[in-house]
Amino acid sequence: MKKKLSTLTLGYLLISSSLIFDLHAQRTGNIVEIFGRERVETTSEGVIIHEFTEGLALRNAMRPGMLTGMQDILFWQIATDRFQRPEAGKILSDNYNVLPQELVWEAIEVDTAGFFRGNLGRAYVYTEFDSPQDVIALLDATGHTRVFINGMPQEGDHYDYGHTLIPFHLKKGLNQFVYTYGRFGRVKSQIVITEKELQFSPRDMTLPSIIRGENDKKWGAIRVVNASERSREGLTITCTLETGETATYKTGSIMPMAVRKLNFKIPALTSPVKAQYLSATLVLTDSRNREIDRIEITINIHDSDRHHERTFISGIDGSVQYYSVAPSTSDAPNQAFVLSVHGASVEATNQARAYQQKDWAHIIAPTNRRPFGFNWEEWGRLDALEVLHDARRIFRTDTAQTYLTGHSMGGHGSWFLGATYPDKWAAVAPAAGYADIIGYRRTGTDSLIQANPHFGMIYRGALAGRTLDLARNYLQSGIYVLHGDADAVVPVEQARMMRGILGGFHNNFAYYEYPDGSHWYGDHSMDWPPLFDFLRQNTNPDAKDVCKIEFRTASPGVSASNNWLRINQQIRSYEHSTVKAHYQNDTIHLDTENIEHITVLLSLLQPEARPLIKIDGKHIIPTSADDVSLRLINGEWSVASLPPATEKTPERNGGFKLAFTNNVVLVYGTRGNREENRWYENKARYDAETFLYRGNGSIEVISDREFSPEKYKDRNVIIYGNANTNRAWRALLRNAPVQITSQGISIGDTYLESDRIGTYFVYPRPDSDIASVGVVAGTGIKGMKATYPNDYFSGITGFPDLLIFDVDWLKEGVDGIRVSGFFGNDWSVENGDFRF
């Protein structure tokens, strides 16, 4: 690069050859002198030693995929050793196959607010820094989706939260930073040097309300920055309120060079406090009870009958999550439960406070794991279910009066959750919502499926989100549709489309267009009295009183049950399975499509006499009044036992995304060469960073040396590395039908010899009836780097059980996929459905 993007090299002139730079050991070192700064600015985590003010932009250079994530030509260059140091006016040496225009680097500068701006949608931004010394630093950047620091991918700050801090090795000499574009087309970046190897960060805490009159400890979580090259275990966090109460909790571990949100406990008040908030001191100590860091925080105090926040431990990753409550003004028992799901960028705290309290219902607002989260799909839907369970435990509501509503993205969440779990809701009330995100954003998937068979598999992997295909599931619930007729964000045509669909078969729905209503026209955009009147008029019958069921699901792993029916297995994974059932005159009639195994839950139906079952024309007489399971074998239905745990079941199923649940732990390999070990460690770290950012997560990350099946019993495990590079492979995957080495991949009887292919797949953990193993692995160095994207952390993308891809998929998208598909119900390749 002809023009240097940093003036800090002048700092070299100020450095004595005998100067030993170890900022972690010195608290008073002359940072101005070492780094050539005219002034020192600080953050709570350290000293800002450089703010990037000059850079280069490569505009219109990223290609968005549909259900597949981005196509990334610069990382393809990095992965294939073709990346060259950019210069202003330099044409990129490579291009996409279908992009006619040349890609040219252009010089850019920050504005007065310190942001790079100006047509940066689908752009890369490049900055560089000449460091006088090797040191561990923090990258404090915002506005980008990800950043490559000296070729290594790290999480960004797509939504401008200001949360992201990335510990990294600031090496002596040239350091290169490549940022991918974020939501708002702007990037700001600075380098911070910290004096502490381990410290609290005040950014992005998860805190409950302290509830007056409640005597249980509450969960909280705080980010801890590990700016060192060693993992930290045996940590304890003590929380002491200003009123003197104390709670101590042995918290989780942190991998090297990482930030993790760690859990702690907040003590209950022992005497009444009139204040609206309390200060508290958190103290972090090591295994020898030596203090490492402390921080002052503020915790809100609320009465239980006023708006407040509650926290719980998520079963997805063991993290602390919160939800907000607009409690009923009445203390009557068995009140209604209204689950209200928020829109994009909205915190649950604000969602709940948009509602006036009711005297007949508790209104509960889950988080979707973040204000943007997962569109209420994937981990967003799991968060909604976890909150539904936890809040019912606390408020003891009437299950017959459980309702679902939401605004904007939460309107979509209402349509999606209402169709996916139809037996849970007496009524569903979307406001300003869209039903299906593909239909809302763009169309054209049919042509892509026809053009590329692998896209068909990816589409199937995302099929659970095709809400319109599940529309007849709404028959079990009342539906109220609310939309402003002048909505410029989500056009009213979305609501009118759903009115037309419902009008073809539904006899219990109401529709209202608010005159001149924009996307948000005040709290009554969702706290609309006629909407709540409609909810209250509907009740959900007990399963024994349900005589007719029409149920469709994309996968039993997402949604398996509806009242007294449970779909256990499909004939073709992730294609729609449908059952139409009615119970009349001691006979259960079942008509099925794409179902291989189903259970009739007579224990819930509670028939007066042992019923006859007629399934697809076949008559079956149960031998007892117990639940009856039926399996389709060679086109004939017969009574069967439940599927064994070694097969696909609702509790353990594909596709690949579901591996990142069940208190998942990430295990990176250390048996490879230095480059492989460094890459897989960073890839696991990057995935944990992404789930922290997008899903408020706290995933445990360990090396294969630290893993043991006994210590991590019945937990999902993600293996980073292949059979040669990860020690955990033999214990968990030695009998899997897919085997990866540094030379190639075998899948069933097929062997792909190459040093440039990677894979993601999910497989049952052999020592557990409930846990799964996910794999992120490549063959050679190029194949390893082909696994860099983590678009599986999205509420939109589709991932089947297995993908095998060439490194060129980074540039060419689905055209670079070699194998895709689903294992059979016995988790075999032979009985599966694959495209080669």
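Keep in mind that the model is predicted. It holds 48 salt bridges and 0 disulfides.

**Nonpolar cores**
- The largest nonpolar core has 162 residues, and Tyr124, Leu666, Leu733 and Phe761 touch the most other members.

**Helix α5**
- This helix covers residues 409–420 and reaches 16 Å from its first C-alpha to its last, close to the 16 Å expected.
- It's mostly covered, with 12 of its 12 residues buried; Trp415, Phe416 and Leu417 are among them.

**Cysteines**
- Cys239 is buried at 0% relative accessible area, while Cys547 is partly exposed at 41%.

**Salt bridges**
- Arg82 pairs with Asp94, their closest N and O atoms 2.7 Å apart. Both sit in the loop between α2 and β6, 12 residues apart. Arg82 is partly exposed at 36%, whereas Asp94 is buried at 12%.
- Lys196 and Asp293 meet at 2.6 Å, N to O. Lys196 is partly exposed at 27%, and Asp293 is buried at 5%.
- Arg472 and Glu550 meet at 2.5 Å, N to O. Arg472 lies in a loop between α8 and β28 and Glu550 in strand β30, so this pair ties together parts 78 residues apart in sequence.

Technical notes:
Residues are numbered from 1 along each chain as its sequence is written. This is a predicted model: local features need pLDDT of at least 70, side-chain atom pairs count only at pLDDT 80 or more; totals for chains, interfaces and linings use all residues. Side-chain values use heavy atoms; hydrogens and water are left out. Helices (H or I, at least four residues) and strands (E, at least two) are DSSP runs, numbered from the N terminus. The expected span of a helix is 1.5 Å times one less than its number of residues. Buried means under 20% relative accessible area, exposed over 50%, partly exposed in between (1.4 Å probe, protein chains only). A nonpolar core is a set of buried Ala, Val, Leu, Ile, Met, Phe, Trp, Tyr and Cys residues joined through side-chain atoms within 4.5 Å. A disulfide is a pair of cysteine sulfur atoms within 2.5 Å. A salt bridge is a side-chain nitrogen of Lys or Arg within 4 Å of a carboxyl oxygen of Asp or Glu.
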